[in-house]
Amino acid sequence: MTDTTNIHPYTLEILPPTADDASYQWAIRRSGKLLQRSDRTLTSEAKAYESGMAQVEKLLSGMGDR
(Lines give C-alpha, C1' and ligand atoms only; values in the text may rest on other atoms or scores of the structure.)
Protein backbone atom coordinates (compact mmCIF):
# COMPACT_ATOMS: atom_id res chain seq x y z
CA MET A 1 0.00 0.00 0.00
CA THR A 2 1.26 3.49 -0.80
CA ASP A 3 0.68 6.69 1.12
CA THR A 4 -0.34 9.53 -1.21
CA THR A 5 -0.36 13.28 -0.50
CA ASN A 6 -1.90 15.77 -2.93
CA ILE A 7 -0.08 19.08 -3.29
CA HIS A 8 -1.77 20.63 -6.29
CA PRO A 9 -0.68 20.21 -9.06
CA TYR A 10 1.59 17.45 -7.72
CA THR A 11 1.01 14.14 -5.96
CA LEU A 12 3.60 12.70 -3.59
CA GLU A 13 3.59 8.92 -3.17
CA ILE A 14 5.53 7.17 -0.41
CA LEU A 15 6.36 3.64 -1.50
CA PRO A 16 7.08 1.04 1.18
CA PRO A 17 9.94 -1.43 0.90
CA THR A 18 9.22 -4.39 -1.32
CA ALA A 19 11.70 -6.70 0.45
CA ASP A 20 12.98 -7.07 4.01
CA ASP A 21 16.27 -5.30 3.31
CA ALA A 22 14.84 -2.68 0.91
CA SER A 23 14.23 0.98 1.68
CA TYR A 24 11.40 3.47 1.33
CA GLN A 25 11.09 5.49 -1.85
CA TRP A 26 9.03 8.48 -2.97
CA ALA A 27 7.56 9.44 -6.32
CA ILE A 28 6.20 12.79 -7.48
CA ARG A 29 3.51 12.81 -10.15
CA ARG A 30 1.91 15.64 -12.09
CA SER A 31 -1.42 14.89 -13.77
CA GLY A 32 -0.82 11.22 -13.00
CA LYS A 33 2.49 11.06 -14.87
CA LEU A 34 5.73 10.30 -13.08
CA LEU A 35 7.80 13.47 -12.78
CA GLN A 36 10.53 12.47 -10.31
CA ARG A 37 11.42 9.63 -8.02
CA SER A 38 13.87 9.31 -5.15
CA ASP A 39 17.39 8.29 -5.98
CA ARG A 40 18.53 7.65 -2.42
CA THR A 41 17.74 4.92 0.05
CA LEU A 42 15.50 6.14 2.85
CA THR A 43 15.31 4.08 6.02
CA SER A 44 11.88 5.19 7.24
CA GLU A 45 8.54 6.39 5.94
CA ALA A 46 9.03 9.71 7.76
CA LYS A 47 12.39 10.32 6.07
CA ALA A 48 10.91 9.47 2.68
CA TYR A 49 8.04 11.89 3.28
CA GLU A 50 10.39 14.66 4.42
CA SER A 51 12.67 14.19 1.41
CA GLY A 52 9.76 14.04 -1.03
CA MET A 53 8.09 17.13 0.43
CA ALA A 54 11.35 19.08 0.20
CA GLN A 55 11.47 18.26 -3.51
CA VAL A 56 7.80 19.21 -3.99
CA GLU A 57 8.50 22.55 -2.30
CA LYS A 58 11.33 23.15 -4.78
CA LEU A 59 8.99 22.36 -7.65
CA LEU A 60 6.29 24.67 -6.27
CA SER A 61 8.80 27.52 -5.95
CA GLY A 62 9.96 27.01 -9.54
CA MET A 63 13.46 25.84 -8.59
CA GLY A 64 12.91 22.29 -9.79
CA ASP A 65 11.31 23.03 -13.14
CA ARG A 66 13.01 21.52 -16.16
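Predicted model: local features only at pLDDT ≥ 70, side-chain atom pairs only at ≥ 80, totals over all residues.

Residues are numbered from 1 along each chain as its sequence is written, and side-chain values use heavy atoms, with hydrogens and water left out.

Q: How far apart are the end C-alpha atoms of helix α1 (residues 45-61)?
A: Helices are DSSP runs of H or I, at least four residues, and strands are runs of E, at least two, numbered from the N terminus. The expected span is 1.5 Å times one less than the number of residues. For the 17 residues of α1 this gives 24 Å, and the computed distance agrees, at 24 Å.

Q: Within what arc do the buried residues of α1 fall, seen down its axis?
A: Buried means under 20% relative accessible area, exposed over 50% and partly exposed in between (1.4 Å probe, protein chains only). The buried residues of α1 are A48, G52, M53, Q55, V56 and L59. They line one face of the helix, because the directions from the helix axis to the C-beta atoms fall within an arc of 165°.

Q: Which residues are exposed on the other side of α1?
A: The buried residues of α1 are covered by elements including β1 (3-7), β2 (10-15), β3 (25-30) and β4 (33-37). On the other side, the exposed residues are A46 and E50.

Q: Which residues does P9 touch, not counting residues up to four places away in sequence?
A: P9 sits in the loop between β1 and β2. Its relative accessible area is 28%, which means partly exposed. With contact taken as heavy atoms within 4.5 Å, P9 touches R29, R30, S31 and L60.
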